[in-house]
2 protein chains.
Amino acid sequence: MSLRFERLHRDAGTHARRGRLHTPHGTVETPVFMPVGTQGTVKAVGQDDLRALGAEILLGNTYHLMLRPGEELVAALGGLHRFMAWDRALLTDSGGFQVYSLAQSRKITEEGARFQSHLDGSRWLLTPERSVQIQEALGADVIMAFDECPPSKSDRTYLEESLARTTRWLHRCAAAWSRGPSALFGIVQGGLDLELRRRHLDEVCAVDLPGYALGGYSVGERPEEMHASVAEVAPSLPEDRPRYLMGVGTPADLVTAVAAGVDMFDCVLPTRCARNGLLFTTQGRLNMRNAVHARDERAPDPACSCYTCRTHSRAYLRHLFAADELLALRLATLHNLHHYLELMRGARTAIEVDRYAAYAEDVRQRESARART
Amino acid sequence: MSLRFERLHRDAGTHARRGRLHTPHGTVETPVFMPVGTQGTVKAVGQDDLRALGAEILLGNTYHLMLRPGEELVAALGGLHRFMAWDRALLTDSGGFQVYSLAQSRKITEEGARFQSHLDGSRWLLTPERSVQIQEALGADVIMAFDECPPSKSDRTYLEESLARTTRWLHRCAAAWSRGPSALFGIVQGGLDLELRRRHLDEVCAVDLPGYALGGYSVGERPEEMHASVAEVAPSLPEDRPRYLMGVGTPADLVTAVAAGVDMFDCVLPTRCARNGLLFTTQGRLNMRNAVHARDERAPDPACSCYTCRTHSRAYLRHLFAADELLALRLATLHNLHHYLELMRGARTAIEVDRYAAYAEDVRQRESARART
């Protein structure tokens with residue numbers, strides 16, 4: 001198997017795990033946050049920036065890349081690593097989530113999902129086999145099973161049908177998978193219904209795969225609902241495989257899910273918020289567009305060691321945002337990604353010394369301080 | 001005097017000069033191209049990028065900075081160098097050119113220029129004294145006299161009135177100037193009329209100042225007209241002071257003006273073109289939006305040593321532009337600035353070995369190759 005998951009230590013007081021993912025493109029220390037590089041680039045920063053930040057794995061989106069520039073072109077140019085000049089690890093999602101969140105006039109059948117591109121209305125068919133084929137052509141180190149993420153307001157009958165179909169699709173993904181350098185992860189759905197989650201988890205984990213993910217969270221439910229569900233479900237995932245909570249979330253969400261035994265995360269929150277001027281700091285959140293920062297010479301986060309905080313003042317960042325300058329987007333993104341990666345570095349250290357519960361509680365308290373700043 | 005201009009060598013076959021500008025914020029090797037940082041940032045790149053590119057001096061715009069964030073705020077935070085975290089040299093223009101090119105409902109009187117902000121329509125008055133005061137508050141190493149850049153279609157009567165007023169304004173600037181760390185440069189106007197240019201040059205250079213500039217070029221005339229005029233006028237500027245050709249131009253424009261004895265240049269061309277996908281290369285120009293690049297694995301300029309060309313393919317850049325990704329803007333800007341700075345490095349070396357005419361001719365020929373690529 002091309003992917004090897006090494007378990008280093010289990011925290012004494014929680015389910016948190018300190019691990020290491022050995023991939024064909026280097027080692028990934030877990031728990032890990034994966035910056036999202038939807039179209040073969042993490043918005044507003046360069047591969048030089050990501051390397052300097054210490055990012056060990058990035059995420060790419062199959063839906064976007066299949067539409068533009070197309071996986072055939074990427075494969076012809078040597079695969080996604082070479083295309084984007086990133087020699088560390090990559091993970092691609094299956095395209096399933098974007099078919100539901102971005103594509104037009106989608107239709108789900110047993111065969112797969114028919115949809116129209118959000119770019120030009122062109123018609124596409126994504127099946128479990130096609131999704132695996134595209135992801136293997138892109139050549140990511142971790143690829144994801146093609147699933148349906150049913151709308152949260154679906155009735156139970158539809159949910160059960162959807163889960164059964166996602167399980168059948170998983171078997172088709174596993175059959176289509178070449179077992180080459182790209183390691184296939186299964187995805188557990190089931191919304192907030194614990195009975196359905198558990199049933200689907202059993203079905204998914206019955207397929208022997210290099211890793212497993214939890215999907216269908218952070219789609220509108222309250223954070224407490226998600227935290228409670230993940231705390232129930234994550235510990236039931238196989239101990240010896242990496243566990244990936246997809247599309248989550250805030251710093252508080254991450255440290256809480258790590259306590260439930262989750263190893264991998266991705267989310268657009270730090271990068272998207274950065275472009276809107278919202279910075280995550282060790283003292284809560286700062287909106288850099290706010291006039292209160294106009295004459296503030298302090299670093300955005302005086303406790304932060306990122307390039308932005310070492311170099312620039314709140315006043316300068318506020319000016320850049322007020323003047324709609326491109327540099328604002330890069331500086332804010334650098335900071336937020338550093339904050340998320342540092343959060344995971346702290347988690348890894350806390351687990352190693354069996355003090356994870358206190359670490360997670362400290363992060364949650366700092367986060368809730370945001371209402372006061 | 002805070003600014004010292006050291007003349008190192010004069011090319012044997014042209015008026016080209018190899019020099020060194022000693023400023024309170026480091027040494028600037030001339031001939032030099034100054035990247036334009038209008039609002040306290042060079043669009044799409046960071047100060048770390050500019051430092052890595054080897055930029056020794058940047059330009060800031062008085063008009064933009066006085067409106068936002070305001071020179072009082074910048075001064076209160078320690079000046080423009082500290083505000084933008086740039087410890088190398090800075091030059092600010094006087095605001096005169098932007099009053100004519102950007103401001104609304106401007107009115108020129110003997111007192112100065114009344115105008116409305118292009119941002120919010122607020123009413124402002126810029127006088128020679130105010131311009132010098134603002135620029136000294138910003139704290140640039142080189143500051144420019146407040147002048148009028150008359151429309152190129154002005155009749156001769158208006159031109160003569162305007163030049164006489166600009167001369168009177170220059171005397172007011174010189175009187176207002178503190179002779180502190182910011183060195184004041186005078187500006188010679190006169191359009192393409194050589195008689196008016198010469199007369200104004202005599203008036204401007206009669207005021208003893210640390211440097212002199214040529215303004216009012218690259219405002220719509222044909223390149224040959226500008227080249228011919230600069231070739232006539234520049235050699236008459238004082239030999240022992242730096243000579244600055246404002247707002248010019250293409251690589252061919254720069255190397256041609258260097259042959260006439262110009263030492264300093266600024267232009268938005270490399271940065272603005274970059275954001276539109278146009279790259280200047282040693283083999284002519286490339287439009288990175290063009291589909292011809294979609295599968296091209298070559299560096300944008302295989303002969304270039306910039307980060308972009310060392311790291312990424314034309315195919316990747318073309319994808320980033322097609323997908324409207326922010327990284328495209330930074331990578332293209334890095335390349336174009338590197339190209340311009342390298343062009344000046346080459347010019348300096350060529351002057352040192354008395355081969356400048358051949359160097360300039362080679363650059364012009366490569367530039368004209370653009371029609372073929």
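Start by showing chain A and chain B together: in this predicted model, the area buried between the two is about 3,300 Å². Carbon and sulfur atoms give 54% of that buried area. To highlight the contact itself, select 39 residues from chain A and 39 residues from chain B.

Next, colour the two chains separately and look at how they are arranged. Chain A can be laid on chain B by a turn of 180° with a shift of 0.0 Å along the axis, giving an RMSD of 0.0 Å. The two copies are thus related as by a two-fold rotation axis. To find that axis from chain A, select Leu326(A): its C-alpha is the nearest to the axis in this chain, 4.1 Å from it. The same surface serves both copies, since 100% of the contact residues of chain A recur in chain B.

Now for the links across the interface. Here the rule finds ten salt bridges between chain A and chain B.

Then switch to a cartoon view and pick out the helices on the side of chain A that touches chain B. Those giving two or more residues include H1 (47-53), H3 (71-76) and H4 (80-84), along with H12 (307-311), H13 (314-322) and H14 (326-352). Which helix gives the most? Select H13(A), which gives five residues.

Finally, colour this side of chain A by residue class: you will find 20 nonpolar, eight polar and eleven charged residues.

Technical notes: Residues numbered from 1 in each chain as written. Chains lettered and ligands numbered in written order. Predicted model: local features only at pLDDT ≥ 70, side-chain atom pairs only at ≥ 80, totals over all residues. Heavy atoms only, no water. Least-squares fit on C-alpha atoms with pLDDT ≥ 70 in both. Contact = heavy atoms within 4.5 Å. Buried area = accessible area lost by both parts, 1.4 Å probe. Salt bridge = Lys/Arg side-chain N within 4 Å of Asp/Glu carboxyl O. Helix = DSSP H or I, 4+ residues; strand = E, 2+ residues; numbered from the N terminus. Nonpolar A, V, L, I, M, F, W, Y, C, P; charged D, E, K, R; others polar.
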